[in-house]
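Subject: Structure for your files

Dear colleague,

Here is the structure I promised to hand over. My notes on it follow below.

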Amino acid sequence: MGLRAIIACLVVAGLAFVALSLAGIVSTWGLDWVTIESEEPEPESTPEPTPEPTEAPPPAPVVVELEIDPRYPPDTQWTVFDVPSALNIRAGPSTDHQILGTANLGSTVTLTGQVVESPTSGTWVQVSSTTVDGWVFAAYLTPVG
């Protein structure tokens with residue numbers, strides 16, 4: 001057999017293989033060697049609309065039962081005493097908290113009922129004055145009347 005005959009046989013065999021692949025026969029033999037890619041562009045997909053964000057409902061409030069300290073009942077009036085000129089009203093129950101304002105010696109504040117007992121700094125009560133709400137050291141207050 002000559003060289004031309006061998007080339008002709010290879011060409012015919014290749015064409016036959018391609019034809020059988022296109023017909024799906026070769027894949028049934030487990031010989032998926034040929035991949036045919038389409039030159040046609042894929043149709044453009046329509047983008048999905050972006051859903052409108054919805055606000056989550058606010059969480060239900062947590063109700064905490066606080067014990068009222070009978071020594072410092074809420075909504076009672078107390079007088080500032082035993083300070084040189086004014087009592088610092090702070091953002092929290094310790095001297096580490098920022099000073100929000102002052103209550104002058106002899107002025108009156110109203111207790112909110114919130115009391116914090118600190119083993120290192122004593123008793124602090126939450127008060128409302130005419131100018132600011134905050135925390136004061138309880139030792140500088142005395143009940144009105």
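In these notes, rings of Phe, Tyr and Trp (its six-membered ring) pair if their centres lie within 6.5 Å; planes under 30 degrees apart count as stacked, over 60 as edge-to-face and the rest as tilted. The model is predicted, with local features requiring a pLDDT of at least 70 and side-chain atom pairs a pLDDT of 80 or more, while totals for chains, interfaces and linings use all residues. Residues are numbered from 1 along each chain as its sequence is written, and side-chain values use heavy atoms, with hydrogens and water left out.

Aromatic pairs

The search of the whole structure gives three aromatic pairs. One of them is Y72 with W78, a tilted pair at 5.4 Å centre to centre with 35° between the planes. Both Y72 and W78 are buried (buried means under 20% relative accessible area, exposed over 50%, partly exposed in between, with a 1.4 Å probe and protein chains only). W124 and F137 make an edge-to-face pair, 5.6 Å centre to centre and 65° between the planes. W124 belongs to strand β5 (residues 122–128) and F137 to strand β6 (residues 133–137), so this pair ties together parts that are 13 residues apart in sequence. Helices (H or I, at least four residues) and strands (E, at least two) are DSSP runs, numbered from the N terminus. W124 is buried at 4% relative accessible area, whereas F137 is partly exposed at 23%. Together with Y140, W124 and F137 form one aromatic cluster.

Fold and confidence

The chain has two helices and seven strands, in the order α-α-β-β-β-β-β-β-β from the N terminus. Its mean pLDDT (the predictor's confidence in each residue, from 0 to 100) is 80, and 71% of the residues score at least 70. Of the 145 residues, 19% count as buried.

Strand pairing

Two strands pair if DSSP finds at least two bridges between them. Strands β1 (residues 77–80) and β4 (residues 108–118) run antiparallel and are joined by three bridges; Q77 stands opposite T110 in β4. β4 also pairs with β5 in the antiparallel sense, over six bridges, and a hairpin of three residues connects β4 to β5. Here L111 has V127 in β5 as its bridge partner.

Core

A nonpolar core is a set of buried Ala, Val, Leu, Ile, Met, Phe, Trp, Tyr and Cys residues joined through side-chain atoms within 4.5 Å. The largest one has 15 residues, of which V80, V109, L111, V125, V127, V136 and L141 touch the most other members. At least two residues of this core come from each of β1, β2 (86–90), β4 and β5. Beyond its neighbours within four places in sequence, L111 is in contact (heavy atoms within 4.5 Å) with residues including Y72, W78, V125, V127 and L141.

Two loop residues

Which residue in the loop between α2 and β1 comes up here? D75 sits in that loop, and its phi is near 60°, a positive value in a residue other than glycine. D75 is exposed, at 66% relative accessibility, and is also among the contacts of L111. D82, in the loop between β1 and β2, likewise is not a glycine and has a positive phi of about 60°. D82 is exposed at 56% relative accessibility.

Regards
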